[in-house]
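Work through the exercises below with the sequence and the structure side by side, and try each task before reading its solution.

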Amino acid sequence: MTALIRKLTVEFIGTFFLVFTVGTAVATAGTLAPLAIGSALMVMVFAGGHVSGGHYNPAVSTAVFARGKLTGTEYVSYVVTQVAAGILAGLLVRAVGYAPHSAAAVAGTGKMLLVEFLFTFALCYVVLNVATAKGTENNSFYGLAIGFTVATGAFAVGKISGGAFNPAVAFGASALGLFTWSHIWIYLLAEFVAGAVAAGVFLLTQPAERPDRELRSAAPDGGIASRRVEGTARGIAGTAR
């Protein structure tokens, strides 16, 4: 099994259980659903972060790609895998009898765009800082920080937009019937833009993290190439759990 296939397998598993938890927790956990969802993300990040980076979210993968820690091939593969896992999870929630009678009530388009952008930005910004920054390397809290960002957002604005903050969740919830397909563009637009903006803000506030700065900071004795190899060897698992 190649390194990319291993990463995609982990991304599929993590995204699947995240979206499956979203569907079942909304049906059974009542007001505690955000806590269950955030906890599911947290444990899956801890479980798979060392292999794939533990993104489980195309918006997060967008942020990591824009930040320079994911190749184009990996990015496309991650997004396709995450969306497929989300849709399958949504369909299986429906199959086990937890399909909602009707889609969740949400606010107008403008409010949905705003809150989905804000909390997807927050999630991606947290991921970049706790899981890819040199200053927080080898920390033991990254999964907790990421999971609780999602739980916080779901508690705060879930009644406004449904609290997706993740295109894979949006697709899965739409397949389940929890979201309406006519709103899918709102989630995709807000979330992908938020991921890109989060990467831009991260690099703006931490210029030393820019890939070109990392190369220029290599030893002047021709060490640029070796620095590039070292960065590649660390990979997504070490720098973007």
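**Exercise 1.** Which side chain meets Lys 134 in a salt bridge, and at what N to O distance?

*Solution.* Bear in mind throughout that the model is a predicted one. The partner of Lys 134 is Glu 209, and the salt bridge between their side chains has an N to O distance of 3.5 Å. As for where the two residues sit, Lys 134 belongs to the loop between H5 and H6, while Glu 209 belongs to the loop between H8 and H9, so the bridge ties together parts that are 75 residues apart in sequence. Next consider accessibility: Lys 134 is partly exposed, at a relative accessible area of 35%, whereas Glu 209, at 5%, counts as buried, the cut-off for buried being under 20%. Finally, salt bridges with shared partners join Lys 134, Glu 209 and Arg 67 into one network.

**Exercise 2.** Describe the salt bridge between Glu 209 and Arg 67, and state where each residue lies.

*Solution.* The N to O distance in this pair is 2.6 Å. Arg 67 is in helix H3 (residues 58-67) and Glu 209 is in the loop between helix H8 (184-205) and helix H9 (211-216), so parts that are 142 residues apart in sequence are tied together. Both residues are buried.

**Exercise 3.** How many salt bridges does a search of the whole structure find, and which residue pairs with Glu 74?

*Solution.* The search finds three salt bridges. In one of them Glu 74 pairs with Lys 7, with the closest N and O atoms 3.1 Å apart. Glu 74 is part of helix H4 (residues 72-95) and Lys 7 of helix H1 (residues 3-28), so that the pair links distant parts of the chain, 67 residues apart. Glu 74 has a relative accessible area of 14% and is buried, and Lys 7, also with a value of 14%, is buried.

**Exercise 4.** Are H5 and H6 roughly parallel or roughly antiparallel, and what kinds of residue make up their contact?

*Solution.* Begin with the geometry: helix H5 (residues 109-131) and helix H6 (residues 142-161) pack at an angle of about 175°, and their axes are 9 Å apart. Because angles over 145 degrees count as roughly antiparallel, H5 is roughly antiparallel to H6. Turning to the contact, H5 contributes residues including Val 115, Phe 119 and Leu 123, and H6 contributes residues including Ile 146, Val 150 and Gly 153. The contact residues divide into 15 nonpolar, four polar and two charged. Among the buried residues of H5 are Val 115 and Leu 123.

Technical notes:
Residues numbered from 1 in each chain as written. Predicted model: local features only at pLDDT ≥ 70, side-chain atom pairs only at ≥ 80, totals over all residues. Heavy atoms only, no water. Axes fitted to C-alpha atoms, helices over the stretch in contact; angles between N-to-C directions. Helix = DSSP H or I, 4+ residues; strand = E, 2+ residues; numbered from the N terminus. Parallel < 35°, antiparallel > 145°, perpendicular 65-115°, else oblique. Contact = heavy atoms within 4.5 Å. Nonpolar A, V, L, I, M, F, W, Y, C, P; charged D, E, K, R; others polar. Buried < 20%, exposed > 50% of the residue type's maximum accessible area, 1.4 Å probe, protein only. Salt bridge = Lys/Arg side-chain N within 4 Å of Asp/Glu carboxyl O.
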